[in-house]
Amino acid sequence: MDEPTRDALRRSLGTRARRWLLVGTLVVGLFCAVALVAAAAPTDRTFAALSGTVQSVMSVLTPLFGILLVRDLRRASGTVHVVPTVLAVVLPATVIGVVGVLICAATLALTPADVADEPWRLAGTVAVGSVLVQIVAGFVGTGLGLLLRSPVVAFLATIVLPLALFALLGAVEALRPAQPWLTPFGSVRNLLSGEMSVLRWVQWLCVLLIWGVGLNAVGAAALRRR
């Protein structure tokens, strides 16, 4: 592993503020899981249903790690290493996804209330999907962080732009089938349901290419021009 990559990985969780951000994100997921189990009907107490909400809520904060990594890049002197910075967001995103899986599993396993007949159905696929959801969210953060100078504006854009596109496509019946092909939220629903098919995996790859590869490539080009 070269020095720029090692440095980017250290910076991803290398400050007290970022470690507290990680803890805060996981605490939000824990509170959400406990509240859902307490309030849900027995038929809705499944690992997939729990993960669908918990991982979605935590994915709102995951892009912040990418935005902060890009802010470091803007402040650095010397050669700008964009690719290691973008890839470094995979570390906090994976931590959030994996710990989120453990939170959902523990909350469901320890609940004293009644649960669904098959609470762990498709749990393996949901667990993998949980990590992939967080990784794409992290890439959205780095991409918009590269395009937009203000971290605050970039963070708001990570929420507004994907949801706005999802709502726009959903408002037109003829365009609604494009949601899982073009929007992160459309693919998130599939991944966290566990009901994945070959077609749905292809749809997720399209979303990764658009919001992960494409957005970051445009952002990197814009940063180099500046």
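Helices (H or I, at least four residues) and strands (E, at least two) are DSSP runs, numbered from the N terminus. This is a predicted model, in which local features need pLDDT of at least 70 and side-chain atom pairs count only at pLDDT 80 or more, while totals for chains, interfaces and linings use all residues. Residues are numbered from 1 along each chain as its sequence is written, and side-chain values use heavy atoms, with hydrogens and water left out.

Q: Why is Leu 168 called exposed?
A: Leu 168, which sits in helix α8 (residues 151–171), has 55% relative accessibility and therefore counts as exposed, given that exposed means over 50% relative accessible area, buried under 20%, and partly exposed in between (1.4 Å probe, protein chains only).

Q: What makes Ser 130 count as buried or exposed?
A: Ser 130, a residue of helix α7 (residues 123–147), has 0% relative accessibility, so Ser 130 counts as buried.

Q: Which residues does Ser 130 touch, not counting residues up to four places away in sequence?
A: With contact meaning heavy atoms within 4.5 Å, Ser 130 touches Ser 51, Gln 55, Gly 97, Val 101 and Leu 192.

Q: How do you know that the buried residues of α1 line one face of the helix?
A: In helix α1 (residues 3–12) the buried residues are Ala 8, Arg 11 and Ser 12. Seen down the axis of α1, these fall within an arc of 105°, so they line one face, the arc being that of the directions from the helix axis to the C-beta atoms. Their cover includes α2 (16–39), α4 (63–75), α5 (82–88) and α6 (90–110).
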